[in-house]
Amino acid sequence: MRSASTTTASLPGVNPNSLHSLGRKAAARLEVARREIARSFGARVRPSEIILTNGGTEANQLALLGLAEGARQRDRKRDRVIVSAIEHDSILDNLPLLRAAGFTVDLVQPCRAGYIEPAALSDLLGDDVALVSIMVANNETGVVQPIREPCRGRAYRGRPVPHRCHPGVSAHSARCHRAGS
């Protein structure tokens, strides 16, 4: 992905939506970058699904609000979002926007070791949850969350739920500083 960023960096300040030659060149380079990024995710991601943003804060806001609203559009009763209390500010600063949009927000607290325990998350899950957001690696403490652990092989209300926290719940994890890992 490093070459994707250097591909586009050589045309700073050029609007890829412009019709002039530099604009078309910038647009072409962005498409090359999208293809390269999509390829890094394997066959499950198409270049048209790659959304390039100004940075992690903008990307997190887009993901948080978009995933929550998308889940609610599919199922109107999904109006609750669960967020770890130790999220990056780019997530926590958007909680008022979620509330203003009609979502209830629950914060899941970490244990003394700094990670979110599966039982604490499981206690908050329900049919009204639209989104769960837990960052992979905390930028202040360095704690790496066991993201797969809360869901894999666990039972929710007596039913096994492999690889998903709860049927119909979207999951978001801030990985800006762990891209490619």
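In what follows, buried means under 20% relative accessible area, exposed means over 50%, and partly exposed lies in between, with a 1.4 Å probe and protein chains only. The model is predicted, so local features need pLDDT of at least 70 and side-chain atom pairs count only at pLDDT 80 or more, while totals for chains, interfaces and linings use all residues. Residues are numbered from 1 along each chain as its sequence is written, and side-chain values use heavy atoms, with hydrogens and water left out.

**Stop one: H2**

Helices (H or I, at least four residues) and strands (E, at least two) are DSSP runs numbered from the N terminus. Select residues 21-40, which form helix H2. Its 20 residues reach 29 Å from the first C-alpha to the last, close to the 28 Å expected at 1.5 Å a residue; that expected span is 1.5 Å times one less than the number of residues.

Now colour Gly23, Ala26, Ala33, Arg34, Ile37 and Ala38, which are buried. Looking down the axis of H2, you will find its buried residues within an arc of 130 degrees, so they line one face of the helix. The arc is taken from the directions between the helix axis and the C-beta atoms. On the face turned away from that buried side, pick out the exposed residues Ser21, Arg24 and Arg39. Just after H2, click on Gly42, which takes a positive phi of about 90 degrees.

Next, select residues 80-84, strand E1. Five of its five residues are buried, so E1 is largely enclosed by the rest of the structure. Arg80, Ile82 and Ser84 lie on one side, with Val81 and Val83 on the other.

**Stop three: the cores**

A nonpolar core is a set of buried Ala, Val, Leu, Ile, Met, Phe, Trp, Tyr and Cys residues joined through side-chain atoms within 4.5 Å. The largest one has twelve residues, including Leu64, Val83, Ile91 and Phe103. Its largest share, three residues, comes from H3.

Finish on Phe103: which residues is it in contact with (heavy atoms within 4.5 Å), leaving aside neighbours within four places in sequence? Among them are Ala68, Arg72, Val81, Leu98 and Ala130.

Methods: Contact = heavy atoms within 4.5 Å.
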